[in-house]
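Here is a short report on one protein model. Keep the structure open beside the text while you read.

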Amino acid sequence: MFEDILSATIRGATPLLLAALGEVVSQRAGVLNIGIEGMMLIGAFFGMVGSFYMAEFAVFAPWFGLLMAGLSGLIAAALFALFAIRFRGDQVIIGTAMTLLALGLTEVIYQRLFGVTGIAQGVPAFPQIDIPLLSKIPYVGRSLFSHNILVYITFLLLPCVYFFLYHTQLGLRIRACGEHPKAIATTGSNVLRLRTFCLLFAGAMAGMAGAYLSIADVPYFTPGMTVGRGFIALAIVIFGKWHPVKACGAALLFGLGSALDARFQALGWGIPYQLWLMLPYVLCLAVMAGFVGRAEAPLALGKPYGESE
Amino acid sequence: MPDVAAAVPEGGLPRWAANGVLPLVNLLAAFVVAGIVILIIGESPVQALLVLIRGAFGFPEAWGYTLYYATNFIFTALAVSVALHCGLFNIGGEGQGYLGGLGVGLVCLFLDGLPLVLLLPLAVAAGGLFGALWAWVPGYLQARRGSHIVITTIMFNFLAATLMVYLLVNVLIDPGQMSPQSRTFAEHVRLPAMHEVLGWLGIAFPRTPLNMAFPWALVCGVLVWIFIWHTRWGYELRTVGANSTAAVYAGISPSRNTVRAMAISGALAGMMGLNEVMGVNHRLLLNFTAGYGFVGIAVSLMGRNHPLGIVVASLLFGALYQGGTELAFEMPKVSRELVVVIQGLVILFVGALEYLFRPVLLPWLRRRRRLAAE
């Protein structure tokens, strides 16, 4: 039972962490990307589409799907960047618009391609990979080292993002960009370009997080299948104090929430399963409410930066 | 917290241009992009537009449906606008409307021994109260704990959805029913339909879902106008929205106004449940909110957060919804979700493109004025 829960925790945490890692970078640069939910949904859709049309290439199909998902997330982020950074629109409004657009567009295209009932069930997905030796470790081996490749990639990306943000010059500039963009501009950096770069990264990550849902977790797409995971990723960034490693802890907490949720549903305990479905959302609210940390947010978060300033 | 109120700046343009031309330009841009989507799908955008207009206004029933959809949008958009005037982006209209409908439904189910004259105000009050409660919590979390209102209201949408599934499957379900819905309300427990009321007045009107919630929506619009611009509370609310730091120096509490604005906003969204539950479905069922809460965002932004603008924009989106249904019927390749795309585009353009269109519009206006002077 412990092994199952640990394994389910990691599976549940992966898409959240993947999206949150991108969001940490973009928020540290000062861009509040509320469109992350939409970007995930777009990624989930195009991930499935990519894998579906490349099905004849068997093992390569999901990789192509992943590429499509990352690219589509990137393009969505480019649109966001155009409106929020170039035209200096309100990031919250544009993010909401992106999410609605994603909801509508994916369903319109899905119905056009596959009809209302959907023939794209069971597209090629990433298989589970047992890592030799490691997966044989007693107690934790199967839980930690018997997942699909996206899980491993996500947890390998974590130290990379951490190192990038805290131990490279570019990472320092990005963090400064979110605190005091004017200061970093006087040192010769281009604030708008830095922010656009971070946003594109966040978009690609959100897109791949979406692909995890449609070509790794399950092998199909359903309209609106992200069911708020993008917003939960936003909460994770806040709870993780805008730090990639702490965000990982928060993501695992949410993963645990969904793992317990599934287990409690099975156990029942006389509580209707619909109430267990509320658990991740209640957890998210509890985290948001219990954490008073506005002072720790990047100072310039959500504020458009203009050339004239 | 992002400065949402500043997203719709006034400076630079004369009022008629800012309130009339800019929304139209935004809408036009949204339509052009949507037209391109239709073209990619493989249908003719011009043909689609014609079907849409005929479907929305071409015959009396169409008017009934258009106004019925508009009723929902007026309520949810008023809700968004009240919160926006306080600088809060309430995207929880969906959940608040759902809960409002629950309040209305409970009154209609359990107090149906009362005559309609007594029942009606009770149902309105319950709808408002339940909606207000569902918005009050995120408002409180924002004011006291600094939790971002966009995330908390979204979470409350999901909570409302699961709560309603639970209640309808386990508690309120009509025993003889297969699908999760309550029993139909008693015969007298319903908002009079428009064709009945007009029939009493001797005016023939076809049978449509349009009901007395529509005039009530217009009344709510007037009430919101009075509240925002002609009461002390409204003044405080706008002050906090314009500059919460300045509000503190003026002795106005931002946190109290945040909670208050959210509660009023939620109550207005709850009225959408009144239209759906007591006016149309006459029972509680799943998913009657059908995205109306989200449309309210687009409608409010497009109507520039003013009740009059909201009524006009609601009519437009009502036409989009009704026309969109006809469109999906006549052009099977175009799904009804295209309307969701158009909403997203309108929000996107209103949120950002004013900065794009304003510099284009300003010199054009100046040139015109110069020409007129010569």
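## The model and its salt bridges

This is a predicted model. Over all chains, the count of salt bridges comes to 5.

Start with B:Arg54 and B:Glu330. They form a salt bridge, and their closest N and O atoms are 3.8 Å apart. The pair links distant parts of the chain: B:Arg54 belongs to helix H2 (residues 45-57) of chain B, and B:Glu330 to helix H13 (residues 307-330) of chain B.

## A bridge between two loops

Next, look at B:Asp112 and B:Arg183. Their salt bridge has its closest N and O atoms 3.2 Å apart. Both partners sit in loops of chain B. B:Asp112 is in the loop between helix H4 (93-110) and helix H5 (116-145). B:Arg183 is in the loop between helix H6 (149-171) and helix H7 (194-200). The two residues are 71 residues apart, and the pair links distant parts of the chain. B:Arg183 is partly exposed, with a relative accessible area of 32%.

B:Glu236 forms a salt bridge with B:Arg260. Here the closest N and O atoms are 3.6 Å apart. B:Glu236 lies in helix H9 (residues 232-242) of chain B, while B:Arg260 lies in helix H11 (residues 254-281) of chain B. They are 24 residues apart.

Why do both partners count as buried? The cut-off for buried is under 20% relative accessible area. B:Glu236 has 14%, so it is buried. B:Arg260 has 15%, so it is buried as well.

Two packed helices are described by the angle between their axes and the distance between the axes. Now apply that to chain B. The axes of helix H12 (residues 292-302) and H13(B) come within 8 Å. They cross at roughly 130°. H12(B) and H13(B) are therefore oblique to each other. Their crossing is right-handed.

Which residues meet at this contact? From H12(B) come B:Tyr292, B:Val295, B:Ala298, B:Val299, B:Ser300 and B:Met302. From H13(B) come B:Ile310, B:Ala313, B:Ser314, B:Leu316, B:Phe317 and B:Tyr321. By class, the contact has 10 nonpolar residues, 2 polar residues and no charged residues.

## Two buried residues

B:Thr208 lies in the loop between H7 and helix H8 (213-230) of chain B. At 7% relative accessibility, B:Thr208 counts as buried. What does it touch, leaving aside its neighbours within four places in sequence? B:Thr208 is in contact with B:Glu61, B:Gly64, B:Tyr65 and B:His195.

B:Ile41 is in helix H1 (residues 15-41) of chain B. With 9% relative accessibility, B:Ile41 counts as buried. Neighbours within four places aside, B:Ile41 is in contact with A:Val108, A:Arg112 and B:Lys333. Compare B:Ile41 with B:Gly100: they are 59 residues apart in sequence and 38 Å apart in space, C-alpha to C-alpha.

Terms used. Residues are numbered from 1 along each chain as its sequence is written. Chains are lettered from A and ligands numbered from 1 in the order in which they are written. This is a predicted model: local features need pLDDT of at least 70, side-chain atom pairs count only at pLDDT 80 or more; totals for chains, interfaces and linings use all residues. Side-chain values use heavy atoms; hydrogens and water are left out. A salt bridge is a side-chain nitrogen of Lys or Arg within 4 Å of a carboxyl oxygen of Asp or Glu. Helices (H or I, at least four residues) and strands (E, at least two) are DSSP runs, numbered from the N terminus. Buried means under 20% relative accessible area, exposed over 50%, partly exposed in between (1.4 Å probe, protein chains only). Axes are lines fitted to C-alpha atoms, for helices over the stretch in contact, and angles run from 0 to 180 degrees between N-to-C directions. Angles under 35 degrees count as roughly parallel, over 145 as roughly antiparallel, 65 to 115 as roughly perpendicular and the rest as oblique. A crossing is left-handed if the near helix is turned anticlockwise from the far one by less than a right angle, and right-handed if clockwise. Contact means heavy atoms within 4.5 Å. Ala, Val, Leu, Ile, Met, Phe, Trp, Tyr, Cys and Pro count as nonpolar, Asp, Glu, Lys and Arg as charged, and the others, Gly among them, as polar.
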